[in-house]
Amino acid sequence: MPHVLPLTMMPEGKEGKVVSINAGQGLKRRLVEMGFCEGSLVTVHRSERGALVVVVNGIKYALGKGLATKIMVSDC
Amino acid sequence: MEKKKITIALAGNPNVGKTTLFNAITGARQHVGNWPGVTVEKKTGKRTYKDTEIEVVDLPGTYSLTAYSLDEVVARDYVVEEIPDVVVQIVDATNLERNLYLTTQLMELGSKVVIALNMWDLAESRGDKIDTRKMEDFLEIPVVKTVANRAEGIDALLEEVVREVDKGEHHEHEVSYGDDIEKKIIELEGIVGKDSALSGKYPVRWLSVKLLDGDENILEKIEGSSVATQVNSVLSTIKKDDYEAAMAEKRYETINTVLPQICVKCVNEVTFSDMIDRAVTNKYLGIPIFLAMMWAAFEVTFTVATPLMEFVDMFFGWLAGVVAQSITNPVLGSLLGDGIIAGVGSVMIFLPNILLLFLMISLLEDSGYMARAAFVMDKLMYKIGLNGGSFIPLLMGFGCNVPAIMATRTIEDEKERLVTILVNPFISCGARLPVYLMLAGAFFGRNAGTVIFGIYILGIIVAILSAKLIRGTVVKGKPSPFIMELPPYRLPTLKASAIHMWEKGSIYLKKAGTIILAGVVFVWLLSAIPAPGVDAAFASEEILGTEDSLIGVLGHIIEPLVAPLGFDWKVAVALVFGFIAKEIVIGSMGVLYGTGEDEDALAEILTAGAMTPLTALGLMVFTLLYVPCIACVGVVKKETGSWKWTLFMMVYGTALAWIAAFLIYRIGTAIGWGL
């Protein structure tokens, strides 16, 4: 049974599917444009300090914790 | 036959090789950074292809055209309002999905688009198969394969561009947003179409789509039009948040339906970049690695620069000798020897240092490491009310604050950008280094390196504390969300990095040839004109740079201001002229103490009683913190658009400098250190 959890809670090295983005309009659009759509697969490379390193569509991003908590993913 | 003239615009995501392609087409040299959004200036170039003269405009790298950041507004306004004949979109073949998102937006704008499929060799080498024929069919856009860094495919691209212009007729390809959204689009089209001023200037469908997209820039345009109330009443019936994201997702959906048919992708494996990132983004290793990199950069700079500096020193010594021998007119001889050669020479001697430091920064930028440094520093930046995005502009300040302040344009949050601009001058630029090297070398001997390092650290601490202070009082707010692309590592080529070094370094050279030259001639003039009531000839030996010259009068007027810091009138004058450029502090001291460009002689005079280690330290700290040079003040005004903030920065810095130097002098005197 897959769980839905914020991206910050995903363990390193795990892949999840974006379920929703709980952000304001501008920010949500920005994230979608960078590839964080509903259904996109996100791999967490690093999640231990202020920011996360994640990979979406083969592109690597550094992502602030605040932003990452707004991205809900399901572990699969 | 008269040549045909066309204009093309280069658009594309950050890090797709846009600037490299621009250079390959026009032959122009410019900076190629490795982090998102380095191209913020509008750059143009010319190229003649067969019988067509092509004007090429390099647009800022953007992920979309939604006017989210300054870069996007610049890019979009150009495409919408200037209407280039063709927009060439550079598409990274290794990242089709995200790149094609921008393509859909360009198509919606009604632009004629030609795709340059860049880095396709990389995509193929990792096993992707891209069918460009099918890509052209689905997108109804010409696609040309290019490898920008080897200048491959440029002619084919230009051929296609010229053919596209000649084609005349233009097919509009639209994204279909699904029934619900389409209904609203049609409704809005009907309303917006009634305003002839709007519909004459912009595509009506695009305006309607952007309105539903919640595009503030377009909303503003509508506000001032005849249809404002009608548009607003339609928009008030929808739930904006839902629409925006839904529309972005529809665009991706459009892409994702065609993507599997044009590109067969291999499974991503762990890459070399990932392995490096494991180390440099590690919780415990990240910051030590960053500090080690910085230390190495400075160490290489100073070690390699020392013999080169001696060479420059020899050259100016030789030049001064030639001038002294061959020019008999005493006034001209003094102008050249005491003024120009002394002033410019004392600045030029640090050119190797500054060039090497720029080379190190360029290597780090071009390799892709800088974006990782931003990630490592995000936590610290968060604590002072900024985010990792502000880090790179601050780091660039070590080279020169002017390009560093311009680099803040990539910061989306206006308040964060303002704070990053205001504290940037505290990051000690290359121009202040000559002052430290001279003073620390003269007064601290073997500990000079440590003292200089301490000054740099002090600058960083002041910048951090000031940011926290400003963020907590006059520019309140929470740090904005941080997201930054970490581009794959690339092995920087010495040639490319040398070009970037030269671009930054030549600014310094130009400054030495213009502002600094003018500055030192001005200083010499003031020191050569006799003071009122003094009976001496212009530029005569006995008044040059003494209290009997005009500069002496000026110095004595401002001396009381800096006397509490232990500075005499000559230092006061040098600091005033340091506003022209901070290097001039040393150059004008050379003139005032009559030692010319001979640094050793100046050091001798200073240590022989003109200054103490305590006042020297105070002067270094004062030079670090007080009002930045005129070029920097100019760029702060330009970037903040506000005299209020520019004045704030000038007064704040100078007040801090005064207090710091005062404390150093008073406390040092009280405990009897360094007198």
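This is a predicted model: local features need pLDDT of at least 70, side-chain atom pairs count only at pLDDT 80 or more; totals for chains, interfaces and linings use all residues.
Local features are taken from parts with pLDDT of at least 70 and side-chain atom pairs from parts at pLDDT 80 or more, while totals for chains, interfaces and linings use all residues. Residues are numbered from 1 along each chain as its sequence is written, chains are lettered from A and ligands numbered from 1 in the order in which they are written, and side-chain values use heavy atoms, with hydrogens and water left out.

**View 1**
Chain A has two helices and six strands. Here, helices (H or I, at least four residues) and strands (E, at least two) are DSSP runs, numbered from the N terminus. Starting from the N terminus, the elements of chain A go β-β-α-β-β-β-α-β. Of its 76 residues, 59% are buried; buried means under 20% relative accessible area, exposed means over 50%, and partly exposed is in between (1.4 Å probe, protein chains only). Look at the contacts in chain A between residues at least 6 apart in sequence: 59% of them join residues at least 24 apart. A contact means heavy atoms within 4.5 Å. The accessible surface of chain A is about 2,800 Å², and 55% of that belongs to carbon and sulfur atoms. Accessible areas come from the Shrake-Rupley method with a 1.4 Å probe, and for residues only the protein chains shown count as cover.

**View 2. Meet chain B.**
Chain B brings 31 helices and nine strands. It has 675 residues, and 56% of them count as buried. Among its contacts with a separation of 6 or more, 72% come from residues 24 or more positions apart. Its accessible surface comes to about 28,100 Å², with 62% belonging to carbon and sulfur atoms.

**View 3. A salt bridge between the two chains.**
Side chains of opposite charge can pair when their charged atoms come close. The rule used here for a salt bridge is a side-chain nitrogen of Lys or Arg within 4 Å of a carboxyl oxygen of Asp or Glu. In this view, A:Lys60 pairs with B:Asp274, and their closest N and O atoms are 2.6 Å apart. A:Lys60 sits in strand 5 (residues 59-64) of chain A and B:Asp274 in helix 13 (residues 272-280) of chain B, so this pair joins two chains. Both A:Lys60 and B:Asp274 are buried. The pair also belongs to a network of salt bridges that links A:Lys60, B:Asp274, B:Asp277 and B:Arg372.

**View 4. Two salt bridges inside chain B.**
B:Glu639 and B:Arg409 form a salt bridge, with 2.6 Å between the closest N and O atoms. B:Glu639 lies in helix 30 (residues 630-640) of chain B, while B:Arg409 lies in the loop between helix 19 (401-406) and helix 20 (414-423), so the pair ties together parts that are 230 residues apart in sequence. B:Glu639 and B:Arg409 are both buried.
Now turn to B:Glu124 and B:Lys145, whose salt bridge has its closest N and O atoms 3.9 Å apart. B:Glu124 is in helix 4 (residues 120-125) and B:Lys145 in strand 7 (residues 143-146) of chain B, 21 residues apart. B:Glu124 is partly exposed, at 38% relative accessibility, and B:Lys145 is partly exposed too, at 32%.

**View 5. A negative patch on chain B.**
B:Glu310, B:Asp313, B:Asp598, B:Asp600 and B:Glu604 gather here in a surface patch of negative charge. Helix 14 (286-326) and helix 28 (599-610) of chain B are the elements that give two or more residues to it. Patches are made of residues with over 30% relative accessible area and no salt bridge, where like charges are joined within 9 Å and nonpolar side chains (Val, Leu, Ile, Met, Phe, Trp, Tyr) within 5 Å. Lys and Arg count as positive and Asp and Glu as negative, with His and the chain ends not counted; the place of a charge is NZ of Lys, CZ of Arg, CG of Asp or CD of Glu. B:Asp598 lies in the loop between helix 27 (584-592) and helix 28, and is partly exposed, with a relative accessible area of 36%.

**View 6. A nonpolar patch on chain B.**
B:Trp658, B:Ile659, B:Leu663, B:Ile667, B:Ile671 and B:Trp673 form this nonpolar surface patch, with about 600 Å² of accessible area together. B:Trp658 is in helix 31 (residues 643-671).
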